[in-house]
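Hi,

Here is the structure I promised to send over. Have a look at it first, and then read on for what turned up.

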Amino acid sequence: MRFPYSAFILLAVLSQAASATDVAGLIREGESKLQAGDIEAAVHLLEQAVAQDARSPLARTRLGGALLLKQDQPAAIGQFREAISLDPRNAQAFLGMAVAEIHLGRYGRLGGQGDRPPRRLARWAWRRRIG
């Protein structure tokens with residue numbers, strides 16, 4: 001039996017839609033695990049979401065946040081950078097990266113002066129917020 005070419009296209013579209021649904025479901029599950037305080041399980045679920053869709057800024061931002069809660073700042077910064085490269089207007093990723101940098105004591109990377117880098121970064125993020 002031969003399938004018409006349009007059947008293959010339909011199967012490809014449906015598999016992409018199912019994959020997007022799976023990624024969204026994994027992100028939701030990861031967020032609920034974070035709210036329940038199960039950081040390890042959340043990291044695992046969010047890593048699966050990123051593995052399924054490496055171009056999802058939301059999955060990378062949520063994984064960065066979970067890694068930040070796990071106190072793995074270097075890995076969190078990597079995820080936030082990837083999220084920003086995918087969506088340069090991702091204010092949550094910018095703020096998460098700033099928090100990770102602050103925890104590492106890297107105030108100079110935030111572009112501030114003296115003891116006020118977080119305030120300066122917050123103003124910058126507010127001006128560039130989405131919506």
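How many helices and strands does the secondary structure of the chain come to? Six helices and zero strands, where helices (H or I, at least four residues) and strands (E, at least two) are DSSP runs numbered from the N terminus. Read from the N terminus on, the elements go α-α-α-α-α-α.

Some housekeeping before the details. This is a predicted model, so take it that local features need pLDDT of at least 70, side-chain atom pairs count only at pLDDT 80 or more, and totals for chains, interfaces and linings use all residues. Residues are numbered from 1 along each chain as its sequence is written, and side-chain values use heavy atoms, with hydrogens and water left out.

Among contacts with a separation of 6 or more, 45% are between residues 24 or more positions apart; contact here means heavy atoms within 4.5 Å.

Helix 3 covers residues 57–69, and its 13 residues should span 18 Å at 1.5 Å a residue; the end C-alpha atoms are 18 Å apart, so the two agree (the expected span is 1.5 Å times one less than the number of residues). Its buried residues are Ala59, Arg60, Thr61, Leu63, Gly64, Ala66, Leu67 and Leu68. As a reminder, an α-helix has 3.6 residues a turn, so residues three or four places apart point the same way.

On one side there is helix 2. Helix 2 and helix 3 pack at about 155°, with axes 9 Å apart. The axes are lines fitted to C-alpha atoms, for helices over the stretch in contact, and angles run from 0 to 180 degrees between N-to-C directions. The pair is therefore roughly antiparallel (over 145 degrees; under 35 is roughly parallel, 65 to 115 roughly perpendicular and the rest oblique). Their crossing is left-handed, meaning that the near helix is turned anticlockwise from the far one by less than a right angle (clockwise would be right-handed). Helix 2 brings Ile39, Val43, Leu46, Glu47, Ala49 and Val50 to the contact, and helix 3 brings Ala59, Arg60, Arg62, Leu63, Ala66, Leu67 and Leu69. By class, that contact has 10 nonpolar, no polar and three charged residues. In this scheme Ala, Val, Leu, Ile, Met, Phe, Trp, Tyr, Cys and Pro are nonpolar, Asp, Glu, Lys and Arg are charged, and the others, Gly among them, are polar.

Ala41 also sits in helix 2 (residues 39–52). With 22% relative accessibility, Ala41 counts as partly exposed. Its C-alpha atom is 9.7 Å from that of Ala66, 25 residues away along the chain.

Then there is helix 4. Helix 3 and helix 4 pack at about 160°, with axes 8 Å apart, which makes the two roughly antiparallel. This crossing is left-handed too. Pro57, Arg60, Thr61, Leu63, Gly64, Gly65, Leu67 and Leu68 of helix 3 meet Gln73, Ala75, Ala76, Gln79, Phe80, Glu82, Ala83 and Leu86 of helix 4. That set divides into nine nonpolar, five polar and two charged residues.

Two residues of helix 4 deserve a click. Gln79, in helix 4 (residues 73–86), is buried at 15% relative accessible area. Beyond its neighbours within four places in sequence, Gln79 contacts Val50, Arg60, Leu63, Gly64 and Leu67. Ala83, also in helix 4, is buried at 0% relative accessibility. Not counting residues up to four places away, Ala83 touches Pro57, Arg60, Thr61, Asn90 and Ala93.

Where is Gln71? It lies in the loop between helix 3 and helix 4. Gln71 is exposed at 64% relative accessibility, and its phi is positive, near 65°, in a residue other than glycine. Most residues other than glycine have a negative phi.

Last, helix 5 (residues 91–103): its buried residues include Phe94, Met97 and Glu101, and Gly105, with a positive phi near 80°, follows the helix.

Cheers

Methods: Buried means under 20% relative accessible area, exposed over 50%, partly exposed in between (1.4 Å probe, protein chains only).
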